[in-house]
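User: I am new to this structure and should like to learn how to read its helices. Please take me through the features one by one.

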Amino acid sequence: MKEYNGLMDEVFKALGDNQSAKAIDYTQEAFKWASKRGDTYRMVVAKSTMGYISMQVRDYEAAYINYFDALNYLQKSDTVDLYNKVAILRSLAVIKSRYSDYKMATTFYKEAYEAAKIYIRRYPDLAKENGDSGLLIDLPYFMAMQMKNNGDYEGAGDVLLDLWEESEYKGDTVSLARALNQLGIIKLANKDYLEAQNFFSYVAFNNGIAPDTRAIAFQNLGTSYLRLGNLEKAEKWYSEALALKVEHSSARSQFVTLLDYGELEYKKGNTTAAIEKWEEALKTFDKIDAEPDLFMIYDWLQKAYLHVDIDKAASYGDLYTANIQDWMSIQRNQKDNPTLQAFNTRIDQVLSKRRENAEQLALIKEFWPLGLAIILLFTFLLYHLQLFLTKQRRLLAEKRVKELRAVKAQEILDKIRRDL
């Protein structure tokens, strides 16, 4: 046991010193130690650690193999470690998403969500202490993202609408903001720009929401104006988004805003400004090799440089061509789907219902004194009617009793007469 713990300590020391190769060596030794003794639980820990290290060095193929092995060993283990199961499944989902296998990513997120529900139900105090309660929000949200990426807008919509309603009920602004942003994006995809702006505005102008999330909403708001052809408003909101992201968001998130900002400049006819934004994006985030979605920047730079520098245009054209197959595959997965319109209609129905409820509430607030007076009058009349009916029933009962007594008396008299 000490030997195993010592090896794992060395793993984390090596990771702290950015020595990934040495960390892998120590982890493999730890795995061999556990394997020889048939200790499946520690085999799971070692394999999970290997997966984590592989993720850190962006070797997603190795990470997937290690995490999948860890999941298999976990299922054979006598120790039921639900939290570790959730973590492994979540990592597998992330890797599948990286490879654009959104269907399998959805499956892994769904399994992780089911495991998380059991974990939190069985160990609520432990989950609360470790801050794991948020898994019940994060996992379905990311599952919805994969469903959307795979073209299943209706399935994603069901999850997002549930998150919307639940987060409003609980006052959870984080989940509310994420759900509304995604609902706005679906509206944007359906060219319902004004409704999309309503969703984005709710998040962007709500100071109670985290600035990095507001930045995303500002960018989406800018995109909705760009689609409407209002370039001035689009630039204003892109500028707001970038300012917030520089201070609060990741390099990748800044890259995405610069990508859109460059498109705006290009549409304005400012080729040089567009190139500056896109070149700045590449300097800000230089790890797009792991994300084929982002290779489109090479295509845009090629088109922009055709006007100013043929050699650079050819260079970016080569980069784009080298990755076009993966990029086109992703585009096919994300094309409009019949379920997009179905889900768009579903959102409209929910919004319509919410507006009707709001109108009814407004009417109640406006006319409640009159309504209360009518209710009191109705109650008064109903009370007196009830008194009248009760009195009538009592009189009728008394009459029937008298008649019954008279009949009985007559029967007794008749009997007496027969006896005589």
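**Reading helix packing**

Analyst: Helices H15 and H16 pass each other in a left-handed crossing, meaning that the near helix is turned anticlockwise from the far one by less than a right angle (clockwise would be right-handed). Helices here are DSSP runs of H or I with at least four residues, numbered from the N terminus. This is a predicted model, in which local features need pLDDT of at least 70 and side-chain atom pairs count only at pLDDT 80 or more, while totals for chains, interfaces and linings use all residues. Residues are numbered from 1 along each chain as its sequence is written, and side-chain values use heavy atoms, with hydrogens and water left out.

User: At what angle do helix H15 and helix H16 pack?

Analyst: Axes are lines fitted to C-alpha atoms, for helices over the stretch in contact, and angles run from 0 to 180 degrees between N-to-C directions. Helix H15 (residues 271-284) and helix H16 (residues 296-305) pack at about 150°, and their axes are 10 Å apart. The two are therefore roughly antiparallel to each other, a term for angles over 145 degrees.

User: Which residues of H15 and H16 meet?

Analyst: Contact means heavy atoms within 4.5 Å. From H15, Thr271, Ile275, Trp278, Glu279, Ala281 and Leu282 meet Ile297, Tyr298, Trp300, Leu301, Ala304 and Tyr305 of H16. By class, this contact has ten nonpolar, one polar and one charged residues. Ala, Val, Leu, Ile, Met, Phe, Trp, Tyr, Cys and Pro count as nonpolar, Asp, Glu, Lys and Arg as charged, and the others, Gly among them, as polar.

User: How far apart are the axes of H4 and H5?

Analyst: The axes of H4 (residues 60-76) and H5 (residues 82-98) are 10 Å apart, at an angle of about 150°. That makes H4 roughly antiparallel to H5, and the crossing is left-handed.

User: Is leucine 92 buried or exposed?

Analyst: Buried means under 20% relative accessible area, with a 1.4 Å probe and protein chains only. Leucine 92 lies in helix H5 and counts as buried because its relative accessibility is 0%. Leucine 92 touches Tyr64, Tyr67, Phe68, Leu71 and Phe108, not counting residues up to four places away in sequence.

User: What should the 17 residues of helix H3 span?

Analyst: The expected span is 1.5 Å times one less than the number of residues. Helix H3 (residues 40-56) should therefore span 24 Å, and its end C-alpha atoms are 24 Å apart, which agrees. Just after H3, arginine 58 takes a positive phi of about 65°.

Notes
Angles under 35 degrees count as roughly parallel, over 145 as roughly antiparallel, 65 to 115 as roughly perpendicular and the rest as oblique. Buried means under 20% relative accessible area, exposed over 50%, partly exposed in between (1.4 Å probe, protein chains only).
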